[in-house]
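This report describes the core and selected secondary-structure elements of the structure shown below.

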Amino acid sequence: MHKLSPWFYTPALILPAVISAPALGVQYLNLEQAQKALFPSADHFESVNVNLTPAQRQQIEKSSGVKVRVNEIKAWRAKQGDSTNGWFLLDEVIGKHELITYAVAIGLDGAVQGVEILDYREGHGGAVRNANWRAQFKGKKTSSPLRLDEDIRNLSGATLSCQHLTEGVRRLLATQAIALK
Amino acid sequence: MNAATSLPVPTEEIIRARPLLGTLVEIAATGAIGRVSHAISQAFDAIAEIQALMSYQDPASELSRINQFGFTDPVPVHHHTWTVLRSAQELSATSRGLFDVTIAPTLTRLGFLPRHANFPRASRHGDWRHIVLLPDQRVQLMRQVRLDLSGIAKGYAVDVAIAILQSAGIHAGRVNAGGDLRVFGATEQTIHVRAPHAPTQTMPLVQLNEGAAATSAAYFAQRRHAQRSVTPLIHPYTRSASSSERSITVLASNCMLADALTKVVQADPVQATSVLAHYQARALIVEHDPVSGGCHVFDSLQQARAA
């Protein structure tokens, strides 16, 4: 960094610590907490188990433009007394770097009322699978003056693509419209 | 002092995350039991509102209305959009155009932003000076420039969310919108960044208990364009994409500033030092050192002290 050297002082060399898989992960909410967060006024949740038929699968894929990988749908009716407030659907998407468990609240009008993340687990990216790259960090962990905090909560610069999540929500919207009555 | 007097109200910490602003937005809050979750929901709702106003992708957003009709007629805008545009203009003036929200046509050409078929053709000879803020929160474009607020609105959304948590009586909180984060409360929180050459590696960079940090780096944002790897970090003067392997973290009093200043440092680290000083902000540049396998950290504050 010749351009910067006269201007910026270099106080330290930081060695990034190597993290073993699952590299970073956090559980935000369990199932009950997510249900309560998305339907605060519901008093109970009625589990509805659905196995998609091949025809339904095809219909969902056609209407959402997203591939259906799992036939079992985990859904709940959000109930307040005898009346239904909406649908709560639990799902998982695998992105390039992460596995995300999330829930979608769908109102009786068929519109998304909210999306809540339950679990977020980040896997290894391409760079780490490269053995040569990994070798240069070997043995450096203990000599590193900086302790690794296994905590992504304060991670700055974590702009991960939410595209798979967006697709997942679209798929669940179609699933509700086609398979949940 | 016994426990009963020091802790009159039992508290809880809740952390939730929702997909917003094209990333995962995480909100953590500590406060009196029973009040925290509602405060977090309100903060998420505010972020969703800001997204609906200022999304470039959404053809129905207020920003899209400016891009579509702002050259023909003044467009009245919401208070949020107005605040962001006013701050953007001030940052552009202070940085002499190193921060510029009119780089959208370049981002579209490189495939980072979608094309809107019904939008008028963008002028090649326009910049931030061709955005005019009129009385009564109206916006007029003097040339057919096209605005993208993604370099500043995310930070603003974080600030608004923090303000909502604070006014709801939350004791300590943190809002992290994929790299734009702000914290408040008594305890210091360690801010980590990703290693620019290996984004699955993280390292602790700095401690904060009040204030904001924003990190800009290309590692998750690169794409191929015309047989080469490009980033969405556009230099406003040359309108070319940076291929830099450094990550830039800016610490500032609020997240909108921190977010926008990362672009200034990215464009010109040397000129940026006076802009950073003007806003009492600090930049930390992390660059991979292939020889040692570690990373060098360049600190604008150290430079200021040395001078």
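**Nonpolar core**

A nonpolar core is a set of buried Ala, Val, Leu, Ile, Met, Phe, Trp, Tyr and Cys residues joined through C-beta atoms within 7 Å. A residue is buried if 20 or more other C-beta atoms, placed from the backbone, lie within 10 Å of its own. The model is predicted: local features need pLDDT of at least 70, side-chain atom pairs count only at pLDDT 80 or more, and totals for chains, interfaces and linings use all residues. Residues are numbered from 1 along each chain as its sequence is written, with chains lettered from A and ligands numbered from 1 in the order in which they are written.

The largest nonpolar core has 119 residues; Phe88(A), Ala43(B), Ala161(B), Val250(B), Ala258(B), Leu261(B) and Ala281(B) touch the most other members. At least three residues come from each of domain 1 (57–141) and domain 2 (188–307) of chain B, the bounds being taken from an automatic or database domain assignment.

**Helix α7(B)**

Helix α7 of chain B spans residues 255–267, helices being DSSP runs (H or I, at least four residues) and strands likewise (E, at least two), numbered from the N terminus. Its 13 residues reach 19 Å from first C-alpha to last, close to the 18 Å expected at 1.5 Å a residue (1.5 Å times one less than the number of residues). In α7(B), 13 of 13 residues are buried.

**Strand β2(B)**

Strand β2(B) (residues 23–32) is largely enclosed by the rest of the structure, because eight of its ten residues are buried. Ten bridges join β2(B) to antiparallel β1(B) (residues 11–20), and Leu24(B) is the bridge partner of Pro19(B).

Methods:
A residue is buried if 20 or more other C-beta atoms lie within 10 Å of its own, exposed if 12 or fewer, and partly exposed in between; C-beta atoms are placed from the backbone. Two strands pair if DSSP finds at least two bridges between them.
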